[in-house]
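Colleague: Hey, could you walk me through this one? I'm new to it and would like to go a piece at a time.
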There are 2 protein chains.
Amino acid sequence: MKAPRDRITIRDVARLTGVGVGTVSRVLNDAKSVSTVTRKHVLAAIRRLHFRPNAQARRLLRRRSDTLCFVLSNRAFLHVFHAHIFNGVERAIEALRQNVVCVAIHYPPSLPPGDILLPSILEEHGWTDGLILAGAIYPNFIRRVKTLGIPFVVYGNNFAMCERQSFDQVRYDGLQGEFNATTYLIDRGHRSIVFVGDTTLPWTLELERGYLRAMRAYHLTPIEVTAHRPGSEVEYGEWAASEILSHRRRPTAVLAGNDPIAFGLWRSLRRQSIRVPEDISLVGFDDVNEALLVDPPLTTVRVPMEGIGEACVKQLTQRMEHPCDPFVCRVLPTELVLRGSVRTLATTTSNSVRTRKMKSYTPG
Amino acid sequence: MKAPRDRITIRDVARLTGVGVGTVSRVLNDAKSVSTVTRKHVLAAIRRLHFRPNAQARRLLRRRSDTLCFVLSNRAFLHVFHAHIFNGVERAIEALRQNVVCVAIHYPPSLPPGDILLPSILEEHGWTDGLILAGAIYPNFIRRVKTLGIPFVVYGNNFAMCERQSFDQVRYDGLQGEFNATTYLIDRGHRSIVFVGDTTLPWTLELERGYLRAMRAYHLTPIEVTAHRPGSEVEYGEWAASEILSHRRRPTAVLAGNDPIAFGLWRSLRRQSIRVPEDISLVGFDDVNEALLVDPPLTTVRVPMEGIGEACVKQLTQRMEHPCDPFVCRVLPTELVLRGSVRTLATTTSNSVRTRKMKSYTPG
DNA sequence: CTGAAAGCGCTTACAG
DNA sequence: CTGAAAGCGCTTACAG
């Protein structure tokens with residue numbers, strides 16, 4: 001650290017200008033009650049001394065830090081999805097002239113709330129005015145955070161549903177998104193549609209529900225590959241491909257729980273000379289950048305990741321202003337992005353499908 | 001905000017325990033000069049009151065914030081590359097029990113340093129102990145940052161070379177990396193090798209120099225597509241493909257300035273039924289996740305992005321401890337990752353190539 | 001080992 | 001419009 005002695009303070013500015021420190025402070029804070037001449041002199045002294053006010057001292061008095069904290073639980077920091085959410089957070093924060101601090105935290109779901117040890121940024125107060133909780137969040141952490149008395153908002157899709165009403169949430173509508181995707185496939189003449197994804201993950205479970213709802217609505221038999229497996233998403237897709245191909249009848253379409261699974265699936269199929277979409281149609285979920293790179297590009301469901309980040313900031317700001325409002329759960333819509341990985345089957349579309357289609361999904 | 005009145009302070013703890021505030025403070029700071037009994041009582045009171053020390057007040061006295069700031073200049077926040085760097089930063093920071101704050105800043109390269117307006121986190125002091133500058137950085141900003149008197153380190157590849165010696169830098173060795181990639185292609189029998197990339201970008205320019213150096217070393221004629229173009233990297237690659245195919249003789253290999261350019265190229269080629277690597281070999285740069293998804297996977301040069309982030313933190317920490325040490329420029333090596341997008345041509349490899357090969361690149 | 005006091009660098013009523 | 005003073009919530013010599 002630099003020698004702390006030579007720091008120049010508001011007192012130095014006051015002395016040089018020949019005014020009291022209060023006046024300097026007023027200039028700093030744009031108080032209207034300062035004469036133009038005085039202000040000009042003070043400003044000159046500030047410039048001459050290269051004075052920069054001390055943030056700590058100001059915030060100590062103001063009782064707010066103008067800083068929000070992005071807390072990522074139990075996750076490698078900032079993989080694509082969270083990077084995008086963080087982007088949205090950053091953008092919204094910047095517009096509000098606030099700052100954002102990041103912290104990663106790791107804890108087992110079974111640890112008693114009181115035993116979760118927090119980084120100083122959460123343990124002390126004054127660091128941050130509000131929290132955005134993302135990553136894999138468990139109830140014990142939420143309980144712990146509540147004791148902090150800091151307003152917070154939860155990115156809800158990664159959270160296992162319970163306690164819905166006791167805090168603010170932002171989430172995307174995975175259920176409706178997958179329902180729409182399924183309906184779209186049905187409308188294109190598909191009847192034998194597989195859902196692929198590890199449903200022990202809450203966000204995948206939600207998609208499965210959307211899938212099942214649509215299949216049932218059309219009296220179709222669900223076919224699923226949903227076991228839990230270690231390894232990457234892409235590997236999951238590769239494995240799922242072999243599962244699917246072991247079936248007596250090959251399905252005409254597959255809904256992958258996310259885009260990487262779709263890529264893994266696709267790669268396996270290609271190795272077996274099964275073409276997408278000619279031999280089998282494929283729909284992803286999330287719409288990550290890679291979806292555009294495959295050939296043909298992947299039809300998928302777009303999740304408004306940056307929008308989620310922005311909504312978190314918005315909701316958090318509102319909560320800070322109105323601490324006693326009822327808790328809200330903002331649900332952002334997804335969007336079915338039609339690209340090239342789905343084939344329209346030459347089948348008669350039943351009237352009921354036609355009719356329902358109008359209500360259930362809106363292709364771009 | 002919550003009503004600020006009911007905040008409990010160190011004084012409340014002291015009163016409840018029946019000791020002075022100094023003693024409470026000593027317990028908080030793990031000073032050894034507190035009797036076991038007193039400490040126990042104080043701790044009990046802290047727990048009972050849910051006391052959390054005020055970070056502002058502590059830092060005001062300590063004269064350090066335990067916070068580093070990641071400053072991203074003139075860039076959409078956190079695209080892949082920077083997300084990975086930030087990952088490395090976060091990891092290193094966490095190990096040091098520090099915090100990291102993020103801020104984006106935008107300014108034209110031509111603005112006088114004094115006129116660049118800074119976010120409060122940089123304008124005030126006390127917010128952060130050190131800066132990591134990333135993004136597209138220009139000399140005017142560096143000059144401005146210097147007036148702040150905060151230690152900083154620059155992620156150097158995005159910076160246009162000049163003033164190399166007047167501040168700390170961390171960078172990857174793009175020149176050597178591309179030199180190795182080029183040499184590798186030559187060793188595989190390629191002679192007609194195209195370099196593709198917008199060389200108005202400093203990091204691409206560096207790659208071009210590595211390419212040229214290798215080509216000259218083997219007395220081969222460089223072929224380049226390096227014009228500046230608006231649009232995405234992928235689009236750049238697509239455009240470059242058409243440029244390349246308009247040549248009288250089709251080259252046998254292409255070095256793309258980064259992976260997205262390679263993907264764009266690849267896609268264009270595929271549309272013309274030109275296969276990789278059978279008809280043309282392709283090498284990328286960076287090694288982003290997508291490189292593994294294409295089929296066959298892309299041979300590319302891996303940039304240690306997380307390592308860059310970690311090195312930045314390490315260098316910055318060192319600078320903070322030794323403000324007067326000479327400036328350093330840490331250069332991290334890249335690694336040629338051999339995958340499936342390069343074909344070995346059935347040509348006689350000259351002796352000179354064989355010999356040089358040993359020195360110039362080390363395939364994984 | 002511990003208390004009382006000064007002080008960190010600001011802001012903000014309170015008088016004028 | 002402006003100065004003197006109290007105070008934000010801590011830490012840290014200074015005495016004991």
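**Where the chains meet**

Modeller: The contact takes 44 residues from chain B and 44 residues from chain A, where two residues are in contact if their C-beta atoms, placed from the backbone, lie within 7 Å. Before we go on, this is a predicted model, so local features need pLDDT of at least 70 and side-chain atom pairs count only at pLDDT 80 or more, while totals for chains, interfaces and linings use all residues. Residues are numbered from 1 along each chain as its sequence is written, and chains are lettered from A and ligands numbered from 1 in the order in which they are written.

Colleague: Which elements of chain B supply at least two residues of the side that touches chain A?

Modeller: Those are α4, α5 (80-95), β2 (99-105), α6 (120-123) and α11 (259-271) of chain B. The labels are DSSP runs numbered from the N terminus: helices are H or I with at least four residues, strands are E with at least two.

Colleague: And how do the residues on that side of chain B divide into nonpolar, polar and charged?

Modeller: There are 21 nonpolar, nine polar and 14 charged. Nonpolar means Ala, Val, Leu, Ile, Met, Phe, Trp, Tyr, Cys and Pro, charged means Asp, Glu, Lys and Arg, and the others, Gly among them, count as polar.

Colleague: In what sense do β2 of chain A and β2(B) pair?

Modeller: Antiparallel, over three bridges. For strands to pair, DSSP has to find at least two bridges between them. In β2(B), B:V101 is the bridge partner of A:V101.

Colleague: Let's go inside. How many residues are in the largest nonpolar core?

Modeller: It has 175 residues, and A:I132, A:L265, B:I132 and B:L265 have the most contacts inside it. Such a core is a set of buried Ala, Val, Leu, Ile, Met, Phe, Trp, Tyr and Cys residues joined through C-beta atoms within 7 Å. Buried means 20 or more other C-beta atoms within 10 Å of a residue's own, exposed means 12 or fewer, and partly exposed is in between, with C-beta atoms placed from the backbone.

Colleague: What does B:L265 touch?

Modeller: Leaving out residues up to four places away in sequence, B:L265 touches B:V196, B:G237, B:A240, B:A241, B:V254, B:A256 and B:L282. B:L265 is also one of the buried residues of α11(B), among them B:I261, B:F263 and B:W266. The buried residues of α11(B) pack against β6 (193-196), α10 (233-245), β8 (253-256), β9 and β10 of chain B.

Colleague: What follows α11(B)?

Modeller: B:S273, whose phi is positive, near 60°.

Colleague: Where do the cis peptide bonds sit that you've got for chain B?

Modeller: One joins B:V276 and B:P277, with omega about 5°, and B:P277 is in the loop between α11 and β9 (281-283) of chain B. Another runs from B:D295 to B:P296, with omega near 0°; B:P296 is in the loop between β9 and β10 (300-302) of chain B.

Colleague: Last topic: B:R63. What's its phi?

Modeller: Positive, about 60°, although B:R63 is not a glycine. B:R63 lies in the loop between α4 and β1 (67-73) of chain B.

Colleague: And why does B:R63 count as partly exposed?

Modeller: Because B:R63 has 15 other C-beta atoms within 10 Å.
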